[in-house]
Every structure is written in structure tokens, then in C-alpha cells.
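Biologist: I would like to learn how to read the contacts between charged side chains in a model such as this one. Could you take me through them step by step?

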Amino acid sequence: MKIKKGRSGHLLIGLFEDDLAIQEMLRLLLQGEGYDITLYTSVEECLAGLHVNEQQSDIVRPDLLMIDLHLAQSISGLDVIEQIRMAPSLEFFPIILMTASVMVDNQDLQRLHVTLLLKPFDIDDIIRIISELVQM
């Protein structure tokens, strides 16, 4: 997978976390590590930001998505990922699913090509997982 850099030449990470405190902590942490961050506040904004319905290969989208499993809206992170995976160009797009729940179906994670990140976060784990996913 060829990684396109964000506008400033850094890795561009999409972040869809509806808990504002966690969102801000992750934004500051990731920016501190040199990543560019795009925040999504709704399912529609996330899908549009990833250009799910566009087939062109030259569009700029984040290099990786971090999404919460339990969104305050009536849709789960897994449902959003299902919609993302329907786009052929995003079948293997790197996605990190964040959750405090230990009741996550490993078959769903494998089927959707998702990496699980358990809350509470370990900063070193976040950086390691991001590095591993963008090296693929």
C-alpha cells in the first residue's frame, strides 16, 4: 500500500470519536507525534471525508482511520466500518477500532480487516499500531 502524506507531508489520520475528552486527548497526542488529524463528528462527515462513494484513485483521503465502537449516535463503529468496506477502493484501508468493551467479536474484526485498540489507551501501543498499519 502506498501511503499518501497529508497536506504538510505528515501522515493524515481520520479520527471519529464522539467523547470530546478522548477526542481532544487523541488529537493532542497524535499531533504531538507529528501526525495531521482530521476530526469527524458524524457518520456522514466520516464517510464523505473518506470519499466512500468516489472511485477515483487520485483523491486525497486520510491514510488511516481511528473510530470508536460505541458512538453516541444510533450507529456503532462497526456499522460505519461495514459501509466503508463496501467501497472496493477501501476494502483494505487501515482502520483502528477503539473500545473499552471486551465483548468484541474477533470474527467481525477479521472479516472487516480492523485492528482493535482497547481503552484505556497506552500511548506506546497507539503509536506502534499506527506504525504497523501504515507500513503494510
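Biologist: Which residue forms a salt bridge with Glu132, and how far apart are the closest N and O atoms?

Modeller: Side chains of opposite charge can pair when their charged atoms come close. In this predicted model, the partner of Glu132 is Arg128, and the closest N and O atoms of the two are 3.2 Å apart, which lies within the 4 Å that a salt bridge requires. The two residues are four apart in helix H5, so about one helical turn separates them. Glu132 is partly exposed, with a relative accessible area of 46%, and Arg128 is partly exposed as well, at 40%.

Biologist: Which residue pairs with Glu24 in a salt bridge?

Modeller: Glu24 pairs with Arg27, with 2.5 Å between the closest N and O atoms, and both residues lie in helix H1, three residues apart, or about one turn of the helix. Glu24 is partly exposed, its relative accessible area being 31%.

Biologist: Where do Glu17 and Lys119 lie, and are they buried or exposed?

Modeller: Glu17 forms a salt bridge with Lys119, the closest N and O atoms being 3.0 Å apart. Glu17 lies in the loop between strand E1 and H1, and Lys119 in the loop between strand E5 and H5, so the pair ties together parts that are 102 residues apart in sequence.

Biologist: How many salt bridges are found in the whole structure?

Modeller: A search of the whole structure finds seven.

How values were computed. Residues are numbered from 1 along each chain as its sequence is written. This is a predicted model: local features need pLDDT of at least 70, side-chain atom pairs count only at pLDDT 80 or more; totals for chains, interfaces and linings use all residues. Side-chain values use heavy atoms; hydrogens and water are left out. A salt bridge is a side-chain nitrogen of Lys or Arg within 4 Å of a carboxyl oxygen of Asp or Glu. Buried means under 20% relative accessible area, exposed over 50%, partly exposed in between (1.4 Å probe, protein chains only).
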